[in-house]
Amino acid sequence: MSFISYLINGISLGSVYAIIALGYTMVYGIAKMLNFAHGDVIMVGGFTIFFAVSMQGFPSIVGILLAVVLCTLLGITIEYIAYRPLRQAASSLAVLITAIGVSYFLQNMALLIFGANTKAFTSVVTVPAIKLAEGQIMISGETIVTIISCIVIMIGLTLFINKTKAGQAMLAVSEDKGAAQLMGINVNGTISLTFAIGSALAAIAGMLLCSAYPSLTPYTGSMPGIKAFVAAVFGGIGSIPGALIGGIVLGIIEILGKAYISSQMADAIVFLVLIVVLLVKPTGILGKKIKEKV
Amino acid sequence: MKRLKLSKNAKDNLITYGIVILAYVIMQIMINTGHISSLLQGLLVPLCVYVILAVSLNLTVGILGELSLGHAGFMCVGAFAGAFFSRYMQNVIEVSLLRFLIAIIIGAVSAGIVGFLIGMPVLRLRGDYLAIVTLAFGEIIKSIINVLYIGKDSSGLHFSMKDSMSLGLAEDGDVIINGAQGITGTPKDATFTIGIVLIILTLIIVLNLIHSRDGRAIMSIRDNLIAAESIGINITKYKLMAFSVSAALAGMAGVLYSHNLSSLMATPKNFGYNMSIMILVFVVLGGIGNIRGSIISAVILTLLPELLRGLSNYRMLIYSIVLIVMMLFNWSPKLINLRKKYSLRRLFKKTGEVR
Amino acid sequence: MAALLEVKNLGISFGGLRAVDDFEVSIKKGQLYGLIGPNGAGKTTVFNLLTGVYKPSEGIITLDGVNITGLKTIEINKAGIARTFQNIRLFKELSVIDNVKAGLHNHYKYATIEGILRLPNYFKMEKAMTEKAMELLKVFELEKEADYLAANLPYGKQRKLEIARALATEPKLLLLDEPAAGMNPNETMELMDTIRFVRDSFDMTILLIEHDMKLVSGICEELTVLNFGRILTQGATGTVLNDPQVITAYLGE
């Protein structure tokens, strides 16, 4: 029975990873860059809710909306100031290092404002827990909300990309920026929109992550950020279903690894699985194979 | 048109060695005359460590042209292998210099072997995929060290992955590697002078490798893999060579690092991906493929937070802003053009004062 | 005299597409042979099959009596085939002379440690490599630019440097993929002389892909015409170029 509980926890954690991974995968697909600061946007979302709800006493929903709006604006601003000027740079490493700089910046900003102490985050989820199998399995409200949010976001995003003009523009820009520009697509606008969506998702992920694991520090976002990126690569970077599969699989491996093998080695196991997958399938489970033309 | 003279290489290398030796002489004079703060004195060995790390990572990133985010992992292997040896042999080899020398060799070789074993399967991945896999390996190495227990007693060495109790040591037993508590009591054999010698050694290896037949093969792979194959260059061999040498040198830096501390633990801060990223920042800011640039940027970026210490909480914030601004300034095509347009040299050129 | 390159029944499919089908050719030692055909006919694919970039689905490739079918690119180069590329592939951040010295890689060897410690053998071999490389650069009138970065050479000279680099590997057969592409008529005339010179003074066998009919008719002794991945016709240059089928393939119906 405990196995099923672990499995459910794994799916729940995996759903959070999947939501973060979506942001990563969309940004990577369109801007071809590792946005190292993405994890820290999650942290900013968490702190915004903490500030609004726990410190100022606003209702949860106000806090969540505030976090989504703030993170969206933050994502657009970061892209505009720090990444856009380097889009044509001679080396793709330049923008990677800048992203690291942005990550340091966000962490230290939070450190200055809120201090280094761990904050106890009050869960914003009010859904009651469900008991199954005569009380042997308990599914917490956070888990239910997380899994439902993940499903809703996946469906919403898939519809958005396939059915709307803006979504199609995203596909076009990620395929070929130059050609998209010639077809009259506003490339800069499309990239901004991608960062906006990715960052809004990060805010939601921050809310879910902090509700399930209620401790908040300026570094809260960095490890989940890295793992979500691993999930994105695992599933095949640039692929939305890939992010979902990668996130869920990673969450399950991590929770089961912690429960049955060693809590210290859980992260190592996650990374090991990634390596094995990439060695067998170098572009991830659902990734496209790209071959250089000779 | 840009010219690249052969004799210029030799001159360039001499300048690099000269800078290191000059810096050493100046520091020695300052130490002897007492014109140096204890804070800076404490930073001298770490500075050597970071310089070696930056130069060695530049071999992978700048010369081989592959992105690695696991450099701290190799440093970790070297640090623990070297410290383990020194602790084990502390009472056997009494001459500290000799013991340290062997520790350095052991650390470098262990890290080189780990680099070779990791490089073999992963070097066929490219770009960001290789980056994430090297990051993953770095984290795995750190995790393994954290659950590793090794002790010795009269009957020999004991290993465990569980805890120090399961080592089953005899009365006279001594736990050398104690899981997450790491290694304590490593002899403090590292000195600034040894650090400088190791920097020079690193430079000799890296610079001479670059300007040799093997270096040409490595750089040809970086510039055009398909063409390199077409002229019969063994891609796997040379990728592995660059990667393993780079790992071995990082291991050497690790030995220096571990013999500067009385207690060594593998934490996310010193051997995690954040450390790998910091070294990468040195390399990119100093100029990809530019060895001298790596040295200078490693020194400046290590000293910068210390110089900003007076600003207390603001220092890392300022550091991050400096980093972003410098990247934009150095790499943004628009800013580069702007700089060219208004550069001093050009203004002078117009008036014909400077040729 | 036996053929240097003997290709039988060579073919490859990408997915459902038959890119090259039943390709056959026999090139004698010292011959200047042309491979022509409209765009997309599969000419470069033939080169990629010959040099091991693609593994053939079927067929046999024999070089100088040795079966080299299915070998890796590196092994094929060691066996004696060198090539240039349609879209120039130089080592852009290396100097011109280092590009050629990279080509000499498998013929002048010294150990890694000799290089790092700068032992006498390092200086001896590097000197020999520099001399040999300068010799090759002189053939292509590149000796003045020896220390330039390859990326900074003008287009025509980049093409020449690529040929010099390929020759440095001491091949038996040289494959040139559109060597005159992007050259003006004067440069093309000069290139024709160089190719003839290479054939004569290096005793080289050359197979080239080219669209410039002046060059093809000027220097090639025999031709194979590809169309839609299949051989349309092959034989002596004069005969082939007057074949009505070839004219139709090039000009359309």
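1. Residues 96-118 of chain B are 100% helix and 0% strand, with the end C-alpha atoms 32 Å apart. The model is predicted, and the points below should be read with that in mind. UniProt lists residues 96-118 of chain B under "transmembrane region", in an unreviewed entry.

2. Strand E1 of chain B covers residues 149-153.

3. E1 of chain B belongs to an open sheet of three strands, ordered E2-E1-E3, with antiparallel pairing. Strand E2 (156-160) and strand E3 (174-178) of chain B each have a single partner strand, so they stand at the edges and one side of each is left without a neighbour in the sheet. On average, neighbouring strands of this sheet are turned by 20° against each other, direction ignored. Four bridges hold the antiparallel pair of E1 and E3 in chain B, and within this pair Ile150(B) stands opposite Ile177(B).

4. Helix H3 of chain B lies across E1 and E3 of chain B and runs at about 170° to E3(B). H3 of chain B spans residues 71-89 and contains Gly78(B). Is Gly78(B) buried or exposed? Gly78(B) has 32 C-beta neighbours inside 10 Å, so this glycine counts as buried; the cut-off for that class is 20 or more.

5. Leaving aside residues up to four places away in sequence, Gly78(B) touches Gly107(B), Ala108(B), Ser110(B) and Ala111(B), and also Ala250(B), Gly251(B), Met252(B), Ala253(B), Gly254(B) and Val255(B). Lys152(B) is 74 residues from Gly78(B) in sequence, and the C-alpha to C-alpha distance is 20 Å.

6. The largest nonpolar core has 279 residues, and the members that touch the most other members are Val230(A), Cys48(B), Val51(B), Ile52(B) and Ala54(B). Helix H1 (residues 2-31) of chain A makes the largest contribution to this core, 16 residues. From chain C, domain 1 (3-80 + 171-251) and domain 2 (100-168) each give this core at least three residues. Val230(A) has contacts in two chains: Leu250(A), Val270(A), Phe271(A) and Leu274(A), together with Ile132(B) and Ala136(B), again not counting residues up to four places away in sequence.

7. Where chain B meets chain C, the contact takes 26 residues from chain B and 33 residues from chain C. On the chain B side, helix H6 (192-210), helix H7 (213-223) and helix H8 (225-230) each supply at least two residues. Which of the helices of chain B gives the most to this side? H7(B) does, with seven residues.

8. In chain C, strand E9 (residues 222-227) and strand E10 (residues 230-236) run antiparallel and are joined by six bridges. Bridge partners here include Val225(C) with Thr233(C) and Thr224(C) with Gln234(C). Two residues lie between the strands of this hairpin, and Phe228(C) takes a positive phi near 50°.

9. E9 of chain C also pairs with strand E3 (residues 32-36) of chain C, in the parallel sense and over four bridges. In that pairing, Gly34(C) has Leu223(C) as its bridge partner.

Key:
Residues numbered from 1 in each chain as written. Chains lettered and ligands numbered in written order. Predicted model: local features only at pLDDT ≥ 70, side-chain atom pairs only at ≥ 80, totals over all residues. Pairing = 2+ DSSP bridges. UniProt positions renumbered as here; feature names shortened; annotations may be inferred. Buried ≥ 20, exposed ≤ 12 C-beta atoms within 10 Å, placed from the backbone. Contact = placed C-beta atoms within 7 Å. Core = buried A, V, L, I, M, F, W, Y, C linked by C-beta atoms within 7 Å. Domains from an automatic or database assignment. Axes fitted to C-alpha atoms, helices over the stretch in contact; angles between N-to-C directions.
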